[in-house]
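Hi there,

Here is the structure I promised to pass on to you. Please have a look at it first, and then read my notes below.

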Amino acid sequence: MDFIARIIRFLFWVLVISWGVRLLRWIVGRLLGNSTAATERTADASAGLETPGSSRRLVRDPVCGMHVDETLSIPLREDGELLHFCSLACRDAHLGNVKKFAANG
Ligand SMILES: [Zn+2]
């Protein structure tokens with residue numbers, strides 16, 4: 001019976017050690033995975049910022065009233081005033097309105 005008890009104890013320790021190794025691997029993998037994900041996320045964030053450090057300004061599209069990031073907007077200088085549009089469609093709509101206004105007098 002002593003022999004069997006030893007085998008059982010041995011198997012128990014093998015199980016414990018294998019679990020421990022698996023747990024350690026899981027923890028290390030999680031830590032490494034998290035750190036790489038974090039660096040990817042920060043890289044994405046810095047790539048998304050076109051002008052890091054400078055304050056980003058929101059400008060209002062006079063056609064649809066939407067607020068757009070100044071760096072992403074479509075600028076149009078008109079009578080010395082700088083207008084910002086969310087899209088080319090809005091800019092064209094504004095230009096069309098101006099033309100219409102001009103045509104109507
Ligand atoms: Zn717009």
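Strand β3 has a partner: five bridges join β3 to strand β4 (residues 81-85), and the two run antiparallel. Within this pairing, L76 stands opposite L83 of β4.

What links the two strands? The hairpin of β3 and β4 has two residues between the strands, and D79 lies in that loop. The phi of D79 is near 55 degrees, a positive value in a residue other than glycine. For background, most residues other than glycine have a negative phi. D79 also counts as exposed, because it has 6 C-beta neighbours inside 10 Å and the cut-off for exposed is 12 or fewer.

Now for the chain as a whole. There are two helices and four strands in it, and along the sequence they follow the pattern α-β-β-β-β-α. Of its 105 residues, 7% count as buried. Among contacts between residues at least 6 apart in sequence, 19% join residues at least 24 apart.

How confident is the prediction? The mean pLDDT of the chain is 83, with 76% of residues reaching 70 or more. Among the elements, helix α1 (residues 2-48) has the lowest mean pLDDT, 80, and strand β2 (residues 67-69) has the highest, 95.

Conventions:
Residues numbered from 1 in each chain as written. Predicted model: local features only at pLDDT ≥ 70, side-chain atom pairs only at ≥ 80, totals over all residues. Pairing = 2+ DSSP bridges. pLDDT = per-residue confidence, 0-100. Buried ≥ 20, exposed ≤ 12 C-beta atoms within 10 Å, placed from the backbone. Contact = placed C-beta atoms within 7 Å.
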